[in-house]
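Dear colleague,

I am passing on the structure below, together with some notes on what turned up when I went through it. Please read the notes with the coordinates open beside them.

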Amino acid sequence: MMVRTPDSSEDLFAEAATNWDLQKLYKDLAVAKREFAPHMRRELTEIEKKHLRGLLCGYSPAEISEKLYKNSRGVEADLCKTIYRYVEQLTKRQPKTLKNWRDIPEWLEQIGYKIQVFDAVDGKKLIAFSPSDDLTDIELVSDLLVKRTWKKSSFSHQIFQEYLSAEELVSSQQGCQQLVLHITEPRWRQVFLEASNKLSAADSLFQLMKQQVDMLITTDKKLQAFLRWVSKKSNSVNVSYKPAAVRLFYLTRARAIAMASDPDCAVGGAIGSLIEVTTTNTIATGLDIDINTRTDLDIAIDYISAIAISRAIATNTAINIINSDLILNAITKTLDEFLKQNTNSEFNEAIEEFKNYLPISNIEIFREWWLNNGLEWTKNLRDVIIQYRDIGQDWQFTESQKELLVKYYQANKFLMECLNSGCNVSPEVRSHIEDNLFLPLDSSLS
């Protein structure tokens, strides 16, 4: 399966073109951009277009940052300075009145940029009386339909398409099998939620969904090896959380380390603040994920270990971008926090040595020292943490694998959202799905 890389693909979030007049929107937003900020580049940049398409597809800023493999705070800040302001200008709103990213599709739909939400009329099942006069009557009376051509009409509100699509698909096993193929597509989310709640017994649908999620990375040997490490590491710590929650914690920590070399992440997150690539309590309330990264000893040590590695890696990327005093302060603060949390004296001695290597008395001396020694210092720190805590490995994921891992995480997250939406699923199937989240195929529970 070919997976688009986040930076090289010009058609990321391309599904937005299905429902939106993107070319007109790009053109009109460019005019709004010039009105809002005459000094800026006249047309929308490629990243602005990607951000816009992501919002129109229903992705939150955090999800867009995951798809683009960027820091979530950086994406949010960029949206606040660009797309949010342009949309306010285009829709004639007052400046700084857009507070929620969900307003973007709603506001733009209100002024006519949404097109062909769906082709809902086929003359057979959805509306039996399809002569053009009858469709015109329906349009005039109910305002449910918008005429596209003399043969085709569309629903004016997406909720009707979602409802009818769900009703059609869940009417047969074959329909459910077709539905689950779209589990990674945001525009199908509401259809899944409608479908799972329509079924009197949703066990079969959820089993198909779980199989489809697992299939995303079935054939990738490196990602399967990564999940085996996640499982092994999770089983090695003494905590009372649900196993799937612990696996998610280690999956996100490893991904945070992998992201630390990205320039946007280095500047926006890994150095400037505690790294928050994907918080551990966002997947679903049903998993009771509220892992305390300070009071649970194993979790606390591994969390600060991941931060120490992430900040060291990010420093190698950002040493010429960020003030050296901020970098030095971030690294020493992390090492001090580590020494406070860790109880292994031998491990602490090793960390003390790493801290003592840093020339902390003079910022310029530190900067020059890091330029000459930072990579080796980071590698050695990483090796020691791997030795004592088995965390921090360099998985050397390709861009395609990084993107696939994001898609896998988001599909699992959505699976749990559906499972906790009030649907009628048996306790046995619910438990089986929760127990098998984020497991390699050869470790899945029977």
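The largest cavity in this predicted model has a volume of about 90 Å³, and the structure holds three cavities of 30 Å³ or more. Its lining is made up of Tyr59, Lys67, Ile183, Thr184, Glu185, Pro186, Arg189, Lys407, Gln410, Ala411 and Phe414, a set that divides into five nonpolar, two polar and four charged residues. Helix α20, which spans residues 399-419, gives the most to this lining, with four residues.

The buried residues of α21, itself formed by residues 427-435, are Val429, Ile433 and Glu434. Seen down the axis of α21, these buried residues fall within an arc of 130 degrees, and they therefore line one face of the helix. The face turned away from that buried side carries Pro427 and Glu428, which are exposed.

In the segment after α21 lies Phe438, which has a positive phi of about 60 degrees although it is not a glycine. Is Phe438 buried or exposed? With a relative accessible area of 0%, Phe438 is buried, because buried here means under 20%.

A positive phi is also found at Lys96, where the angle is about 65 degrees although this residue, too, is not a glycine. Lys96 is located in the loop between α6 and α7, and its relative accessible area of 52% makes it exposed, because the cut-off for that class is over 50%.

Leu98 counts as buried, because its relative accessibility is 5%. Which residues does Leu98 touch, if those up to four places away in sequence are not counted? They are Tyr84, Arg85, Val87, Glu88, Asp103, Ile104 and Trp107. For one of these, Glu88, the C-alpha atom is separated from that of Leu98 by 6.9 Å, although the two residues are ten apart along the chain.

With best regards

Methods: Residues are numbered from 1 along each chain as its sequence is written. This is a predicted model: local features need pLDDT of at least 70, side-chain atom pairs count only at pLDDT 80 or more; totals for chains, interfaces and linings use all residues. Side-chain values use heavy atoms; hydrogens and water are left out. On a 1 Å grid over the protein atoms alone, a cavity is a set of points where a 1.4 Å probe fits but cannot get out, and a pocket is an open set with protein on both sides within 12 Å along at least five of seven lines; lining residues have an atom within 4 Å of a point. Grid points are joined across faces, edges and corners, and a volume is the space filled by probe spheres set on the points. Helices (H or I, at least four residues) and strands (E, at least two) are DSSP runs, numbered from the N terminus. Ala, Val, Leu, Ile, Met, Phe, Trp, Tyr, Cys and Pro count as nonpolar, Asp, Glu, Lys and Arg as charged, and the others, Gly among them, as polar. Buried means under 20% relative accessible area, exposed over 50%, partly exposed in between (1.4 Å probe, protein chains only). Contact means heavy atoms within 4.5 Å. The arc is that of the directions from the helix axis to the C-beta atoms.
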